[in-house]
Amino acid sequence: MSRPIRRIAPRAAIATALTFLSLIPGVRAGMAETFAYVGNADSNDISVFKMAESGEMTPVQTAAFTGVEKPGSSTPLAITPDKRVLIAGIRSQPYLAVSFAIDPRTGRLSHIGNGPLADSMANIAVDRSGKFLFSASYGGNKVALNPLPAKGVAGEPKQVIPTGLNAHAFLPSPDNRFVFATNLGSDQVLSFAFDAAAGALTPGDPAAIKVPEKSGPRHFVFNPNGKFVYLVHELNGDVAAFGYETRSGAWTEIQRTTALPEGFTGKPWAADIHITPDGRFLYASERTSNTLIAYKVDAVSGKLTTIGSVPTEKQPRGFNIDPSGRYLAAVGELSDGMTVYAIDQSSGALAKLKSYPTGKKPNWVEFLSLP
């Protein structure tokens with residue numbers, strides 16, 4: 001009985017086929033897959049989307065918060081540096097940090113456990129080592145540090161530190177030596193030295209960076225080069241640029257501009273701020289006008305030049321930029337939707353691509369490329 005003949009494709013033919021596949025839109029041979037995670041406060045869940053090379057989003061999962069019954073006012077998210085765990089801050093009692101394992105192939109979330117938070121936390125962040133969780137309480141006027149064991153479920157708070165009014169963000173410096181906390185109601189940014197080996201915070205020197213009265217410092221972001229910091233102020237719509245001294249952690253203001261669109265009327269209500277991974281473009285959101293504003297960043301001076309603004313989702317409390325720096329996704333608390341924009345790689349201007357439904361009251365976006 002004769003055996004069937006197996007034809008083996010020559011290596012050259014295989015290489016040609018792979019090259020052809022790499023030219024097909026949506027096929028990314030050997031490239032990481034990108035996912036977007038949206039925190040939804042009123043529906044108490046996370047919308048998970050897979051993003052194609054074109055910027056097209058495909059919903060892949062709605063991950064509910066296990067053990068949580070009441071909705072909170074917002075749902076801050078954080079991802080560990082090793083990309084293994086996503087943590088959501090729950091702002092209804094009992095205050096929890098809900099941890100999910102991230103599937104490295106599909107980006108889907110699996111609940112692994114809940115840990116305690118010291119209060120209703122408006123902002124959470126993981127330190128650069130992945131061993132500690134920072135959090136800031138707007139209503140409780142405090143910041144806290146929780147240990148984050150290898151499994152990724154937060155332990156009991158190790159430090160709870162009183163602040164001025166309305167702590168809003170609590171984030172580490174790029175080198176993990178300092179942690180800074182905005183105090184929206186007392187117009188200051190608190191500075192802490194951070195011992196990552198011991199997991200301990202101590203007051204910095206100087207202990208506080210003052211900003212103009214009634215400006216309301218809210219969120220901030222470091223330039224990827226580590227030399228500059230950009231701070232958005234909720235109450236007057238300012239965006240300030242600071243020089244950053246890595247040795248001491250000192251901030252020195254070098255410029256102040258606005259996140260308000262041309263012809264703005266009403267009460268400013270600025271929200272979020274993010275910078276592209278290459279540090280060339282900066283964006284901020286403003287909720288009264290429902291707009292996103294874009295800036296070009298001077299690589300040498302750190303100063304900003306306004307590019308312009310675009311309309312976006314209603315009440316854009318949160319947005320983020322994908323790891324490639326090619327796309328921006330903004331969510332609207334009052335529209336229950338997310339809009340994706342292409343970032344022009346030469347000008348930084350935003351061009352709307354498409355909008356997608358999310359859960360109820362979306363307010364936070366995290367991007368992640370896997371593996």
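**Notebook: cores and salt bridges**

I began with the largest nonpolar core, which has 20 residues; Tyr-37, Ile-46, Phe-65, Leu-86, Phe-100, Ile-102 and Leu-109 touch the most other members. For my own record, a nonpolar core is a set of buried Ala, Val, Leu, Ile, Met, Phe, Trp, Tyr and Cys residues joined through side-chain atoms within 4.5 Å. Buried is under 20% relative accessible area, exposed is over 50%, and partly exposed is in between (1.4 Å probe, protein chains only).

Next I looked up which elements give two or more residues to this core: they are β1 (33-40), β2, β4 (77-79), β5 (85-90), β6 (96-102) and β28 (362-370). With four residues, β6 gives the most. Strands here are DSSP runs of E, at least two residues, and helices are runs of H or I, at least four, numbered from the N terminus.

A note on the source: this is a predicted model, where local features need pLDDT of at least 70 and side-chain atom pairs count only at pLDDT 80 or more, while totals for chains, interfaces and linings use all residues. Residues are numbered from 1 along each chain as its sequence is written, and side-chain values use heavy atoms, with hydrogens and water left out.

I then followed Phe-100. Leaving aside residues up to four places away in sequence, Phe-100 touches Ile-46, Ala-63, Ala-64, Phe-65, Arg-84, Val-85, Leu-86, Leu-109, Ser-110, His-111 and Ile-112. Contact means heavy atoms within 4.5 Å. I also found a second, separate core of 16 residues, with Phe-228, Ala-241, Ala-284 and Ile-293 among them.

On to the charged pairs. I count a salt bridge when a side-chain nitrogen of Lys or Arg is within 4 Å of a carboxyl oxygen of Asp or Glu. By this rule there are twelve salt bridges.

One of them pairs Glu-56 with Lys-354 at 2.9 Å, N to O. Glu-56 sits in the loop between β2 (45-51) and β3 (57-64) and Lys-354 in strand β27 (residues 350-357), so the pair ties together parts that are 298 residues apart in sequence. Glu-56 is partly exposed at 33% relative accessible area, and Lys-354 is partly exposed at 38%.

Arg-177 and Asp-175 also meet in a salt bridge, at 3.7 Å, N to O. Arg-177 is partly exposed at 38%, and Asp-175 is partly exposed at 37%.

My last pair was Glu-253 with Arg-256, whose closest N and O atoms are 2.9 Å apart. Glu-253 is partly exposed at 37%, as is Arg-256 at 26%. Elsewhere, salt bridges that share partners join Arg-218, Glu-234 and Arg-287 into one network.
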